[in-house]
Amino acid sequence: MVPRLLLRAWPRGPAVGPGAPSRPLSAGSGPGQYLQRSIVPTMHYQDSLPRKTEQFCKSFENGIGKELHEQLVALDKQNKHTSYISGPWFDMYLSARDSVVLNFNPFMAFNPDPKSEYNDQLTRATNMTVSAIRFLKTLRAGLLEPEVFHLNPAKSDTITFKRLIRFVPSSLSWYGAYLVNAYPLDMSQYFRLFNSTRLPKPSRDELFTDDKARHLLVLRKGNFYIFDVLDQDGNIVSPSEIQAHLKYILSDSSPAPEFPLAYLTSENRDIWAELRQKLMSSGNEESLRKVDSAVFCLCLDDFPIKDLVHLSHNMLHGDGTNRWFDKSFNLIIAKDGSTAVHFEHSWGDGVAVLRFFNEVFKDSTQTPAVTPQSQPATTDSTVTVQKLNFELTDALKTGITAAKEKFDATMKTLTIDCVQFQRGGKEFLKKQKLSPDAVAQLAFQMAFLRQYGQTVATYESCSTAAFKHGRTETIRPASVYTKRCSEAFVREPSRHSAGQGFDRHLFALRHLAAAKGIILPELYLDPAYGQINHNVLSTSTLSSPAVNLGGFAPVVSDGFGVGYAVHDNWIGCNVSSYPGRNAREFLQCVEKALEDMFDALEGKSIKS
């Protein structure tokens with residue numbers, strides 16, 4: 001390939017460098033001075049030459065890309081029960097061999113219970129567990145309110161509308177909702193919330209679900225416990241019994257195991273797959289089955305949370321001993337009652353998890369199953385609670401030790417910092433007729449420009465759950481317009497033009513080409529394509545009254561992971577980085593950007 005340097009358009013204005021015209025020659029230059037005398041100036045076509053990336057795009061659009069698109073449309077028509085992106089997206093996640101920790105799994109932390117005495121670890125663990133099982137039963141009974149995005153709640157989010165729409169056949173119900181500006185969201189991921197685990201397999205993992213299992217998995221000090229939370233008739237076990245079993249586990253004086261098995265779930269997926277096979281053949285098959293099929297994993301930590309940074313580190317990765325990172329979700333409750341959901345990402349996205357999150361918070365705080373004064377049932381937990389033991393060979397012990405060393409070394413490279421901008425939030429920005437999300441995203445662009453002197457590829461997750469089996473799309477907040485606005489605040493205005501989005505479509509076309517054995521089209525090999533998909537700023541927001549903060553690691557080694565939320569009267573931002581980037585400095589620049597924008601909106605002069 002021709003070096004990219006040679007493909008750049010020549011600069012406008014005074015020409016410099018090789019090939020630039022020199023000063024006008026005198027009229028008396030002799031005939032022997034030139035090889036030829038073109039009547040068309042040498043650089044006449046230079047400014048209008050297409051760049052190589054543009055040529056690749058045109059070639060792709062009119063050639064192999066057009067063929068692949070037609071095949072993708074045909075494939076989509078043959079599979080009307082699903083989305084064209086669903087299969088490739090599952091493959092993307094499940095075929096990835098990197099550790100799920102930091103690379104994929106995010107967390108969302110709950111706000112404390114408004115009644116402070118209910119934040120006692122045992123009380124909150126009992127209430128959260130009961131509410132989670134209530135959600136499970138409600139979902140499976142078909143009694144959970146459908147997930148609907150209401151643009152006009154006064155018309156669609158009413159008892160009258162619900163009474164009418166339930167008589168519309170399912171095949172037409174979406175159109176009935178659409179008529180009143182309501183958009184039902186896909187709920188096909190919800191069944192994977194419970195009794196589900198990602199199983200490591202060579203080359204491609206598998207998702208496992210056993211909805212017949214009735215037991216909860218509890219981790220404490222790296223030890224594994226199980227007990228039934230549903231009885232044989234499918235009813236929730238008495239909350240006082242659940243409280244008694246959790247109290248028993250919290251009072252167990254067993255030391256942490258010398259070789260904590262949980263570290264293996266943080267390993268490279270192929271290494272973990274091989275070690276899991278050794279676990280199975282060493283007599284641990286039944287114990288692993290109980291881990292995999294448990295309704296979810298409740299992690300009870302033996303220490304309080306110091307601050308928001310400690311909260312983020314603990315809920316995103318912890319020390320590796322007290323999480324089963326492959327579980328569909330871990331419900332983590334610290335000694336002081338600080339609680340979060342850490343979830344494995346391949347099975348589903350934030351919309352499903354956030355619905356569960358919101359419902360559990362609402363139910364556990366408004367209709368708690370137990371109170372701080374409640375007495376645990378007088379039941380024999382030594383009989384009901386089963387502690388899982390694992391037989392470890394020398395090879396498995398070696399594998400766990402190696403996984404621990406790798407885990408510890410990786411976590412030391414991660415920096416997290418948080419900020420809460422208290423000057424205003426949604427209420428103020430909406431009065432200014434501005435999108436709160438747009439203001440937050442613009443702050444990130446301005447911050448990076450101020451800190452590093454440039455703008456970079458930026459990813460903002462966007463749900464496509466309004467479509468059957470929809471997953472996510474990419475919003476690309478970094479545009480020529482945000483660059484121009486950022487420079488207006490940080491430097492000076494300049495003139496630019498526009499661009500559009502395309503991510504999942506191109507991803508599906510690439511996946512289809514690979515599936516058909518077609519040589520990867522040149523578009524995907526072009527450095528520009530690589531550059532726009534090297535997302536230095538990876539951002540995501542999940543706003544809810546139940547959410548304290550959420551976070552995830554950067555998606556590239558030289559990037560930032562930016563979790564944020566715009567609340568009614570403040571803006572929260574949680575940033576992670578690896579060596580080479582500075583999360584604290586970036587957050588300081590974000591604060592400065594927000595201050596500048598709020599100053600401008602209030603008519604104040606912007607300080608340099």
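Guide: Start with Cys299. This residue is buried, with a relative accessible area of 0%. The model is predicted. The closest cysteine sulfur to that of Cys299 belongs to Cys297, at 3.8 Å. A disulfide needs the two sulfurs within 2.5 Å, so 3.8 Å is too far for a bond.

Cys485 is partly exposed, at 26% relative accessibility. Its closest cysteine sulfur is in Cys589, 16 Å away, and that is too far for a bond. The disulfide count is zero.

Now the rings. The structure holds 26 aromatic pairs. One of them joins Phe135 and Phe194: the centres are 6.1 Å apart and the planes meet at 45 degrees, so this pair is tilted. It links distant parts of the chain, 59 residues apart. Phe135 lies in helix α4, and Phe194 in the loop between β3 and β4. Both residues are buried.

Phe421 and Phe598 form an edge-to-face pair, with 5.1 Å between centres and 65 degrees between planes. Here strand β12 supplies Phe421 and helix α20 supplies Phe598, 177 residues apart. Phe421 and Phe598 are buried.

Ring pairs also build a cluster from Phe135, Phe194, Phe296, Phe329 and Phe356.

Charges meet rings too. The charged end of Arg471 sits over the ring of Phe90, 5.0 Å from its centre. The charged end of Arg581 sits over the ring of Tyr452, at 4.3 Å from the centre.

Last, the surface. Leu172, Trp174, Tyr175, Tyr178 and Leu179 make a nonpolar patch of about 570 Å². Trp174 belongs to helix α7 and is partly exposed, at 33% relative accessible area.

How values were computed: Residues are numbered from 1 along each chain as its sequence is written. This is a predicted model: local features need pLDDT of at least 70, side-chain atom pairs count only at pLDDT 80 or more; totals for chains, interfaces and linings use all residues. Side-chain values use heavy atoms; hydrogens and water are left out. Buried means under 20% relative accessible area, exposed over 50%, partly exposed in between (1.4 Å probe, protein chains only). Patches are made of residues with over 30% relative accessible area and no salt bridge: like charges are joined within 9 Å, nonpolar side chains (Val, Leu, Ile, Met, Phe, Trp, Tyr) within 5 Å. Accessible areas come from the Shrake-Rupley method with a 1.4 Å probe; for residues, only the protein chains shown count as cover. A salt bridge is a side-chain nitrogen of Lys or Arg within 4 Å of a carboxyl oxygen of Asp or Glu. Helices (H or I, at least four residues) and strands (E, at least two) are DSSP runs, numbered from the N terminus. Rings of Phe, Tyr and Trp (its six-membered ring) pair if their centres lie within 6.5 Å; planes under 30 degrees apart count as stacked, over 60 as edge-to-face and the rest as tilted. A charge sits over a ring if NZ of Lys or CZ of Arg is within 6 Å of the ring centre and within 35 degrees of the ring normal.
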